[in-house]
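Please open the model in your viewer and keep the selection panel at hand.

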Amino acid sequence: MTLDPITLEMLWNRLLSVANEQQVALMRTAFSTIVRESQDLACGVFDTRGQMIAQSLTGTPGHINPMATGVRHLLAAYPPAELAPGDVLITNDPWLTSGQLNDFTVLSPVFRGERIVGYFGNLCHAADIGGRVLSADAHEVYEEGLRVPITKLFDRGEPNRELIRIIRANVRTPDETIGDLYAQASCNAVGARSLLQMMDEFALGSIDPLGDAIIARSEAAMRAAIRALPDGHYEHEVWSDGFEEPLRIRAAVTIAGDQIAIDFAGSSPQSRRGINVVLNYTHGYASFAIKAAISPDVPHNEGAFRPVHVAAPPRSILNCEPPAAVAARHLVGHFLPSAIFGALAQAMPERVIAGGADPIWLSVWRGSRPDGTAPFMVSNFQVGGMGARPTKDGLHTTGFPSGVAGVPAEVVETLSPLVQRRRELRADSGGAGE
């Protein structure tokens, strides 16, 4: 199948609208504020080989990229021959997807008759997964909550009632947690319905040729952008307070022709606290940093990953091994773009931003309502500002590199007995931003 540029552009925009419809369905049916308000999520459409073709408009790099590279683990556990219409797969294994137990990945095959023509996936932060909630207090992943291996959330359209019972018994807010899982499965079904309509409308027997064309163009554009940079080896490091001792993140970026290698050798060893980062999450934020700096307009899919190679030593803070505690991995992982930008500034100083308030922090309020009804749990992100841009100040209260949103005061007060007295901007609290 050969696609002319006009047809390809039409199909590409239609595919984006399908992915965005999937995302809207998720946000409108989700129970938790962290999905519905903060948009701590990712949605995407995959070809029959599990390669991400397109993603929705909203989402964090720590969800989108680990989902994109993690789908292969779900399909290895459940090959296409073992799937049937109505099946939905699920896992929250940190080492297979986005690095913490609070994130559930849900994947659904799209059947056209008896044949799989693609997959829809999403990854969302769960309202609760038990354990110590979301903190760095744990010393092992077993303390951090319930760990669900790759299994079926729905089997031929029927919910996995035993799994749902296990999850409900292990979380503080079972209605929110299970409600979000149903929303995750439902939004995949919405995406599948729209994809099949698109295939019928354009007489597409398969989306693989479309996916191949999109992925090939993305890869070519990314390689061309890398090729325009001067070859060389560039290094930078950033520091954080840590717990036992200060943490070092050391990035070495090597540009050679149309490829970039990022090596985090020299970074701190694995911690005894819950701030460790799995390699898939490290890869997610490292590849995002390269794309954001070098080729932000290129569609982010399988093709954008191929020229970027990421490595970190085993048992280091950026490539931890089980049973390391990982719940607050974002407190370290969000420093990665700044470390990489510091190295890239030597090759492209006019195109990268300075470091800023990189890690977000997440307040989780939980307790009992005064009237004695069901317990409540409200999560809210807070962020500082972005680092300065080459020709402009940084942006206030903008969550870079995460991209998550805060929860409005009205929502916090509606869903909990909390009252927010004041919310204001501390101007220049991190400097003038120059």
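Helices (H or I, at least four residues) and strands (E, at least two) are DSSP runs, numbered from the N terminus, and the expected span of a helix is 1.5 Å times one less than its number of residues. The model is predicted: local features need pLDDT of at least 70 and side-chain atom pairs count only at pLDDT 80 or more, whereas totals for chains, interfaces and linings use all residues. Residues are numbered from 1 along each chain as its sequence is written, and side-chain values use heavy atoms, with hydrogens and water left out.

First, select residues 208-227, helix α6. This helix of 20 residues reaches 28 Å from its first C-alpha to its last, close to the 28 Å expected at 1.5 Å a residue. Its buried residues (under 20% relative accessible area, 1.4 Å probe, protein chains only) include D208, E219 and R223.

Next, select α7 (residues 279-294) together with α10 (residues 336-344). Their axes, lines fitted to C-alpha atoms over the stretch in contact, with angles from 0 to 180 degrees between N-to-C directions, are 9 Å apart at an angle of about 45°. Contact (heavy atoms within 4.5 Å) is made by T282, Y285, A286, F288, A289, I290 and A293 of α7 and by L336, P337, I340, F341 and L344 of α10.

Finally, select G385, in the loop between β13 (376-382) and α11 (409-415). Its contacts, leaving aside neighbours within four places in sequence, are G356, A357, L395, H396, T397 and T398.

Notes. Buried means under 20% relative accessible area, exposed over 50%, partly exposed in between (1.4 Å probe, protein chains only).
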